[in-house]
Amino acid sequence: MELTAFHELTQEISLECFFMTESQQEEKVIQLIDLHHFVECFDPEIKILSYLHHPINIIEHQGDTIGILFCDLKHSAVPDSNASEEFRRRYKLSELWFVFVEETYIPDAAGYADAIIENSLDIFYERIFTFNFFQSVIQPLK
């Protein structure tokens with residue numbers, strides 16, 4: 001993402017999310033960076049529809065409206081999947097994708113498999129990925 005575009009988007013977060021604490025705004029900026037880099041790596045033709053007012057990002061991919069939820073297991077727990085399902089119904093999403101974001105390469109996917117099983121992610125999400133942010137590598141898990 002170009003520095004100018006990043007600056008404009010962070011300004012938008014500051015203006016639109018003025019009610020959030022500084023920490024919440026920082027999380028929103030991280031969410032935005034993850035989303036834009038994921039789109040660049042996965043399919044630059046993806047159209048970003050919404051990301052500001054909820055943790056699930058809404059995109060359009062090949063004519064489908066999809067929700068994407070990013071999770072970094074080192075910094076947060078897996079969000080409640082029931083809330084994601086409610087979000088899917090409310091916004092009439094055709095699919096939900098779950099993305100484990102990692103900063104460093106993790107060769108053993110067992111931790112992800114455990115998180116998928118423990119949180120029934122394979123039931124709620126049509127696609128599950130790992131996304132190594134700095135290496136720009138996306139690996140499908142489902």
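**Entry 1: Glu86 and its partners**

I started at Glu86, which comes out partly exposed because its relative accessibility is 36%. This is a predicted model, so I keep that in mind for everything below. I then looked for what Glu86 pairs with. One partner is Arg90, with the closest N and O atoms 4.0 Å apart. Both residues sit in helix 3, 4 residues apart, or about one turn of the helix. Another partner is Arg89, whose side chain meets that of Glu86 in a salt bridge of 3.3 Å, N to O. Here the spacing is 3 residues, again within helix 3 and again about one turn.

Next I checked Arg89 for other bridges. Its side chain also meets Glu85, at 3.7 Å, N to O. Glu85 and Arg89 are about one helical turn apart, because 4 residues of helix 3 separate them.

Which residues does the salt-bridge network link? I noted Glu85, Glu86, Arg88, Arg89, Arg90 and Glu126. For the structure as a whole I have 5 salt bridges down.

**Entry 2: Ser81**

I stayed in helix 3, which covers residues 81-90, and went to Ser81. Is Ser81 buried or exposed? Its relative accessibility is 5%, so Ser81 counts as buried. I set aside its neighbours within four places in sequence and listed what Ser81 touches: Asn119, Leu121, Phe124 and Tyr125.

**Entry 3: aromatic pairs**

I turned to the rings and got a count of 13 aromatic pairs. The one I opened up was Phe38 with Phe131, an edge-to-face pair at 5.5 Å centre to centre, with 85 degrees between the planes. Phe38 belongs to helix 2 (residues 22-42) and Phe131 to strand 5 (residues 127-132), so this pair ties together parts 93 residues apart in sequence. I looked up accessibility for both rings. Phe38 is at 0% relative accessibility and therefore counts as buried. Phe131 also has a relative accessible area of 0%, so I marked Phe131 as buried.

Then I took Phe100 and Tyr112, a tilted pair with 4.6 Å between centres and 45 degrees between planes. Phe100 is in strand 4 (residues 95-102) and Tyr112 in helix 4 (residues 110-118), so the pair links distant parts of the chain, 12 residues apart. Phe100 and Tyr112 are both buried.

Which rings join Phe38 and Phe131 in a cluster? I wrote down Phe42, Phe70, Trp97, Phe129, Phe133 and Phe134, linked with them through ring pairs. Trp97 has something else going on: Arg127 lies over the face of its ring, 5.1 Å from the ring centre.

**Entry 4: the largest pocket**

The largest pocket has a volume of about 850 Å³. It is lined by 29 residues, and those closest to its centre are Glu27, Ile30, Gln31, Phe70 and Ser76. Phe70 was already in my notes as a member of the ring cluster. Which elements give two or more residues to the lining? I found helix 2, strand 3 (64-71) and helix 3. Helix 2 gives the most, with 7 residues.

**Entry 5: Leu52**

I also stopped at a loop residue. Leu52 lies between strand 1 (47-50) and strand 2 (57-61). Despite the loop position, its relative accessible area is 8%, so Leu52 counts as buried. I checked Leu52 against Leu32 too: they are 20 residues apart in sequence, and their C-alpha atoms are 8.4 Å apart in space.

**Entry 6: the whole chain**

I finished by zooming out. The chain has 5 helices and 6 strands. Reading from the N terminus, I get the order α-α-β-β-β-α-β-α-α-β-β. Of the 142 residues, 42% are buried; among them are Ser81, Phe38 and Leu52. I also looked up how far contacts reach along the sequence. Among contacts with a separation of 6 or more, 57% come from residues 24 or more positions apart.

Terms used:
Residues numbered from 1 in each chain as written. Predicted model: local features only at pLDDT ≥ 70, side-chain atom pairs only at ≥ 80, totals over all residues. Heavy atoms only, no water. Buried < 20%, exposed > 50% of the residue type's maximum accessible area, 1.4 Å probe, protein only. Contact = heavy atoms within 4.5 Å. Phe/Tyr/Trp six-rings, centres within 6.5 Å; stacked < 30°, edge-to-face > 60°. Lys NZ or Arg CZ within 6 Å of the ring centre and 35° of its normal. 1 Å grid on protein atoms, 1.4 Å probe; cavity = no way out; pocket = protein on both sides within 12 Å on 5 of 7 lines; lining within 4 Å. Points joined across faces, edges and corners; volume = space filled by probe spheres on them.
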